[in-house]
Amino acid sequence: MDSRLEQGRWLRIPGPTPLHPDVVAVLPHEMVPHRGPEVQETMARIQPIARKVHGTEKGRVLLWAGTGTSGFEASIVNLLAPGDHVVVTVPGDFGSRFASTAEQLGLNVKRVDVEWGDAVTPDQLKAAIADHGDVKAVMITHNETSTGVTQPLAELAAVARDAGALVIVDAVSSAGALPINMDANGIDWVLSGAQKAWMCPPGLMISALSERALEVAKTQKGYPRVIWDAVAMAEASEQNFHPNTGPLTALFALDAALQALDAEGIDAVFERHRTLAAHFRDGLNKIGVKILAKPEYFSDSVTALLPPEGVGAAAFRDKVRANSGVEIAVGQGKLADTVNRIGHMGWVQQPELDATLEALAGAL
Ligand code: PLP
């Protein structure tokens, strides 16, 4: 195996994740005219597979140079106006960041906080919406990367829809790993970043918009917007162009990754994540390592685990790295030194998870 790929197998942080070998192969691609046929063909190939990954037939997938966080801003400036009431689920650090972004952009935000390791329940969301009044949008972190929790997306989205709110989903650590079922769940905007289960380098923000979201964006003038204008991006995307000079290398990479996902089969990809996550948790259980998340919310893309009693997360990470070369992550926010996090999304198979379990057992 190529030594770079071999090295990627030891990268078990929850993103950036190892690149798919087909992605590595296209990275040295020479530049071509950004409005030429090769780029058009690439974008045309991306659209249907990216829709399948999001579970949408009529939604439009828009691609911006940016990171996951820019999806927070893009969704807000296209769908909302300053002062609008929104409810944000906060199961951990990323939910909190979405809420802070909304506050910084002048929205009237109600946070639904829960214990880290837990998820927001539909009843909690319903109560928060009723309490806040005239809620225009609900922001849901599908998979909370800081705690390894997958929230009950279908149920939360249903509550938001019933209240007439737009549904905005942070799927940064779920898109490409866990089913989102955008159409069936009535979701309006799904945002993610290429560096997670998409198996690509960082730098591309991927957003899937419902038809309703695009209609709202056409008339919503609440914020000035230039780069993040979804209407301009959608119009260019219909022609398989980008309104500016598109991030060509990132697009070639995503195209290669999507071909690989499609060849495996999108449902098979989701199934692989489910099976590998269960195998990994089983292995943790066998070596006596505790998981932070409540079992009903275990994430199939990220696991947050507790380091040995009396040992900080950074010290444990360093020990694992020194012993084995396996790179795991520490926690975030208030759990920075309390939990370690392991990514099992994207380009991952059982051997590297077995090697990770062995590395953890050796360091215990
Ligand atoms: N949301 C979640 C759930 C994430 O895991 C991350 C990054 O890890 C982000 C948002 C922010 O994404 P980015 O670092 O690409 O801006």
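View 1. Helices here are DSSP runs (H or I, at least four residues) and strands are runs of E of at least two, numbered from the N terminus, and the expected span is 1.5 Å times one less than the number of residues. This is a predicted model, in which local features need pLDDT of at least 70 and side-chain atom pairs count only at pLDDT 80 or more, while totals for chains, interfaces and linings use all residues. Residues are numbered from 1 along each chain as its sequence is written, and side-chain values use heavy atoms, with hydrogens and water left out. Among the buried residues of helix 3 are Val 39, Met 43, Ile 46, Ala 50 and Val 53, where buried means under 20% relative accessible area (1.4 Å probe, protein chains only). Their cover includes strand 1 (60-65), strand 8 (189-193), helix 10 (248-264) and helix 11 (266-286). Gly 55, with a positive phi near 75°, follows helix 3.

**View 2. Helix 4 within the structure.** Helix 4 (residues 68-79) reaches 17 Å from its first C-alpha to its last, close to the 16 Å expected for its twelve residues. Ten of these twelve residues are buried, so helix 4 is largely enclosed by the rest of the structure; Gly 68, Phe 72 and Leu 79 are among them.

**View 3. Helix 4 against helix 5.** Helix 4 and helix 5 (residues 93-104) pack at an angle of about 40° with their axes 10 Å apart, the axes being lines fitted to C-alpha atoms over the stretch in contact and the angles running from 0 to 180 degrees between N-to-C directions. The two helices are therefore oblique to each other, since angles under 35 degrees count as roughly parallel, over 145 as roughly antiparallel, 65 to 115 as roughly perpendicular and the rest as oblique. Phe 72, Glu 73, Ser 75 and Ile 76 of helix 4 meet Phe 94, Arg 97, Phe 98, Thr 101 and Ala 102 of helix 5, a contact meaning heavy atoms within 4.5 Å.

**View 4. Helix 11 beside helix 13.** Helix 11 and helix 13 (residues 350-363) pack at about 20°, with axes 10 Å apart, and are therefore roughly parallel to each other. The residues in contact include Leu 276, Phe 280 and Leu 284 of helix 11, and Leu 353, Leu 357 and Leu 360 of helix 13.

Technical notes: Buried < 20%, exposed > 50% of the residue type's maximum accessible area, 1.4 Å probe, protein only.
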